[in-house]
Amino acid sequence: MTALDLAALRRLAEDGNEEAANRLAELAAERGDLEELRALVDEGNEVAGNRLAELAAERGDLEELSRLVDEGNEVAANRLTKLIRDAK
């Protein structure tokens with residue numbers, strides 16, 4: 001995907017196109033683009049929140065998971081619980 005394609009997806013997402021926002025979240029997760037995922041989460045995108053939670057769990061990032069849990073993300077809550085349980 002080119003930079004122009006990403007820019008077009010971002011414009012569509014900003015205009016409220018949920019499918020574009022979800023695709024943008026998937027692409028950001030594939031690239032490991034945490035900033036883009038966080039921005040999408042801040043805009044209320046659930047797919048981005050779930051993908052960010054998965055990446056945070058893979059990295060063992062308890063702070064990121066806790067932030068997502070505070071925002072009500074169930075995937076983050078499950079992953080955080082598992083990480084804490086496995087650490088014992």
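In the predicted model, helix α3 meets helix α4 through Leu 34, Leu 37, Arg 38, Leu 40 and Val 41 of α3 and Ala 48, Gly 49, Arg 51, Leu 52, Leu 55 and Arg 59 of α4; contact denotes heavy atoms within 4.5 Å. By class, seven nonpolar, one polar and three charged residues form this contact (nonpolar: Ala, Val, Leu, Ile, Met, Phe, Trp, Tyr, Cys and Pro; charged: Asp, Glu, Lys and Arg; polar: the others, Gly among them). Helices are DSSP runs of H or I with at least four residues, numbered from the N terminus.

Helix α3 spans residues 34–42 and helix α4 residues 46–59; they pack at an angle of about 140°, and their axes lie 8 Å apart. α3 is therefore oblique to α4 (under 35 degrees is roughly parallel, over 145 roughly antiparallel, 65 to 115 roughly perpendicular, and the rest oblique). Axes are lines fitted to C-alpha atoms over the stretch in contact, and angles run from 0 to 180 degrees between N-to-C directions. The crossing of α3 and α4 is left-handed, meaning that the near helix is turned anticlockwise from the far one by less than a right angle.

Helices α1 (residues 3–14) and α2 (residues 18–31) pack at an angle of about 135°, with 8 Å between their axes. Helix α1 is thus oblique to α2, and their crossing is left-handed. Leu 6, Leu 9, Arg 10, Leu 12 and Ala 13 of α1 touch Ala 20, Ala 21, Arg 23, Leu 24, Leu 27 and Arg 31 of α2. Eight nonpolar, no polar and three charged residues make up this contact of α1 with α2.

Residues are numbered from 1 along each chain as its sequence is written, and side-chain values use heavy atoms, with hydrogens and water left out. Local features require pLDDT of at least 70 and side-chain atom pairs count only at pLDDT 80 or more, whereas totals for chains, interfaces and linings use all residues.

Technical notes: Helix = DSSP H or I, 4+ residues; strand = E, 2+ residues; numbered from the N terminus.
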